[in-house]
Amino acid sequence: MKNECLTPWVKFIWQLNAENADFHYKLLPTDCIDIVLNLKSDIVYETDSGKIVAPPFHINGLRSKPSFIRQNGDAFIFGISFHSYGLFPFVRKPLKCLQDEVVDLREMSLELEQKFTSAVSGANSEEIIKSIEHALISELVADPNFLREVPLINDYLTIADDVTVKDFCEQQAINIKTFERKVLFYTGFTPKLLRNIKRFQMASNQLSHQRITNLVEIAYNNNFTDQTHFIKDFRRFSGVAPRAFQMEKISVKENVTYTYF
């Protein structure tokens, strides 16, 4: 990220540019919410519910299960990856509707959709990125309640895995139902599911990038109860067992060249 005022909310802005693309990759559960600005050939998502031809400007919400993405033809895409709670101050709507969903951006924010349409008309990628940042900044409204509650969410996501939601709320002297409701409102997922997805991401990164083969070691490193618990949880989020996962092409983000900003 280049603009510091976006850093608390946006992880990064990325660009994908490819000619005669033939992408068909798995999308794994992630703690990011993406706004995707697709300027060329259609993106098709394949989910349990069937195939979805995504609108050119769409939101890919938090995922709790794997899906697939397909794109054929020229690809020219800009994307904004938000922290799990990072999209809220730009759309200011409850995000439960984004659970495992692909949603037309204009349904969440017509203002952002219109500003991004203007932003991507730039002459080059650098100019477009700057215009995207300006569009985001112009729509950023973080009210005091949100700013007070976000650190609690972040603290919960970074504490030790053996601290339950109940334990955390008791430590922070907040009502557990209130905390769960706020997290669901700002992210679209429950606190427990968010942290389980974060743990899955860490384990899947070890399998795919560090190429660790000892499943007991991975289970231990990521605070799973045991290897059986790890395998069961991993299959839930990835759709396959850990060994099969290592043989797959992981996702579009690991298998094409991106430019990150």
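Good morning. I begin with two helices: the axes of α6 (residues 165-172) and α7 come within 9 Å and cross at roughly 110 degrees. Axes here are lines fitted to C-alpha atoms, for helices over the stretch in contact, with angles from 0 to 180 degrees between N-to-C directions. Helices α6 and α7 are therefore roughly perpendicular to each other (65 to 115 degrees). Helices are DSSP runs of H or I with at least four residues, and strands are runs of E with at least two, numbered from the N terminus.

This is a predicted model, in which local features need pLDDT of at least 70, side-chain atom pairs count only at pLDDT 80 or more, and totals for chains, interfaces and linings use all residues. Residues are numbered from 1 along each chain as its sequence is written, and side-chain values use heavy atoms, without hydrogens and water.

Which residues of α6 meet α7? They are V165, K166, F168 and C169, and their partners in α7 are I176, F179 and E180 (contact means heavy atoms within 4.5 Å).

I turn to aromatic rings. The whole structure holds 18 aromatic pairs (Phe, Tyr or Trp rings, the six-membered one for Trp, with centres within 6.5 Å; planes under 30 degrees apart are stacked, over 60 edge-to-face, the rest tilted). The ring centres of W9 and Y85 are 6.4 Å apart and the planes stand at 90 degrees, so this pair is edge-to-face. W9 lies before β1 (10-27) and Y85 between β6 (67-82) and α1 (88-91), so the pair ties together parts 76 residues apart in sequence.

Finally, W9, Y85, F88, F146, F185 and Y186 form one aromatic cluster.

Notes
Angles under 35 degrees count as roughly parallel, over 145 as roughly antiparallel, 65 to 115 as roughly perpendicular and the rest as oblique.
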